[in-house]
Amino acid sequence: MPVSYFLVLSAFLFSVGVYGVLARRNAVLVLLSIELMLNAVNINLVAFSAAMGEAGVPGQVFALFIIAVAAAEVGVGLAVVILIYRNMRTVDVGEMSLMKW
Amino acid sequence: MAETWQEILFWVLAVVMGVSALRVVTTQNVVHAALYLVGTLMGAAALYVLLLAELLAWAQVLIYVGAVVVLMLFGLMLTRAPIGKRSYDNNQRLLAAIVAGGLFAVMSWILIDAFDGQKVHLADAEGTTAESIGDAIFSSYVLPFEAVSVLLLAALVGAVLISRKDEASLVDDPEEGA
């Protein structure tokens, strides 16, 4: 089975995530799209790991690290979103222009 | 061909994941977006099983589907902003679609060009066990592992600190006034 099947699927999921980040207005939906992108990267790593056979174990180790970092990112990201909602009563990323000059 | 059923399974999973990923970024119901994300993430877990990466598949189910999506649902519930009839998308959808489409075209062209001949041998492979991954983590990758554990602790403490109501300042203020 060609490894490029998995790579193209992963590229598709990544591009869908990019579209979501650019087009969504709700900050939580932007975080969901970021999860899509991180997941696409993991599919890439696991596909290469499987293609390399015995030597591919580090690929899965790094995929595990990415899963852990993604969990941390979601925790902090949602905490920030909830704090912004509490202070500004909105989660619209278009209205969060406090740090723009 | 020895890998026929793997190919069929791959295409089924690819269609399911692609469609639910598209629904994640286009649906106008925030809870449905989170539930479609479950579809994509479970598809990825099934793909890991197909690629003989069992440990990663279970980690995916436990952490992504079990923890991250539930956290997202809590986030959506706690921030039910009065958006009303306004769309969840901004007015740059066309531009975003062009950027994402262009990115997909360039990436798939480069990836197919670069990894054309390589194949994944699934039919006669044994796959990686949790044992070999644990060996790799605790021999070659101890330092990154410890760094990730410290990162998780920092993220945990940071998330709690950011999102709790600021009671300390309420207590401190009278003292400063006095």
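Biologist: How many Å separate the centres of domain 1 and domain 2 of chain B?
Modeller: This is a predicted model, and in it the centres of domain 1 of chain B and domain 2 of chain B, taken over C-alpha atoms, are separated by 31 Å.

Biologist: Which residues go into domain 1 and domain 2 of chain B?
Modeller: According to the domain assignment of chain B, domain 1 takes in 4-82 + 91-140, while domain 2 covers 141-178.

Biologist: And how many helices and strands does chain B have?
Modeller: Chain B comes to 7 helices and 0 strands, so that, read from the N terminus on, its elements run α-α-α-α-α-α-α.

Biologist: What percentage of chain B counts as buried?
Modeller: Chain B has 178 residues, of which 22% count as buried. As for its contacts with a separation of 6 or more, 59% of them are between residues 24 or more positions apart.

Biologist: Switching to the contact between the chains, how many residues come from chain A and from chain B?
Modeller: Chain B puts in 75 residues and chain A puts in 64 residues. On the side of chain B that touches chain A, helices H1, H2, H3, H4, H5 and H6 of chain B each supply at least two residues, and H3(B) gives the most, with 12 residues.

Biologist: What classes of residue make up that side of chain B?
Modeller: The side of chain B that touches chain A has 55 nonpolar residues, together with 14 polar and 6 charged ones.

Biologist: Where is Gln60(B) placed, and is Gln60(B) buried or exposed?
Modeller: Gln60(B) lies in helix H3 of chain B, and it is buried because 27 other C-beta atoms are within 10 Å, where 20 or more are enough for that label.

Biologist: Which residues does Gln60(B) touch?
Modeller: Not counting residues up to four places away in sequence, Gln60(B) touches Ile67(A) from chain A, and also Leu41(B), Ala44(B), Ala45(B) and Tyr48(B). Leu41(B) is 19 residues from Gln60(B) in sequence, and their C-alpha atoms are 7.5 Å apart in space.

Biologist: Which residues touch the most other members of the largest nonpolar core?
Modeller: That core has 72 residues, and those touching the most other members include Leu13(A), Val28(A), Tyr48(B) and Leu51(B). Helices H1, H2 and H3 of chain A and H1, H2 and H3 of chain B each supply at least two residues of this core, with the largest share, 16 residues, coming from H2(A).

Biologist: What is Leu13(A) in contact with?
Modeller: Leaving aside neighbours within four places in sequence, Leu13(A) is in contact with Leu36(A), Asn39(A) and Ala40(A), as well as with Met17(B) and Ala21(B).

Notes. Residues are numbered from 1 along each chain as its sequence is written. Chains are lettered from A and ligands numbered from 1 in the order in which they are written. This is a predicted model: local features need pLDDT of at least 70, side-chain atom pairs count only at pLDDT 80 or more; totals for chains, interfaces and linings use all residues. Two residues are in contact if their C-beta atoms, placed from the backbone, lie within 7 Å. Helices (H or I, at least four residues) and strands (E, at least two) are DSSP runs, numbered from the N terminus. Ala, Val, Leu, Ile, Met, Phe, Trp, Tyr, Cys and Pro count as nonpolar, Asp, Glu, Lys and Arg as charged, and the others, Gly among them, as polar. A residue is buried if 20 or more other C-beta atoms lie within 10 Å of its own, exposed if 12 or fewer, and partly exposed in between; C-beta atoms are placed from the backbone. Domain bounds come from an automatic or database domain assignment. A nonpolar core is a set of buried Ala, Val, Leu, Ile, Met, Phe, Trp, Tyr and Cys residues joined through C-beta atoms within 7 Å.
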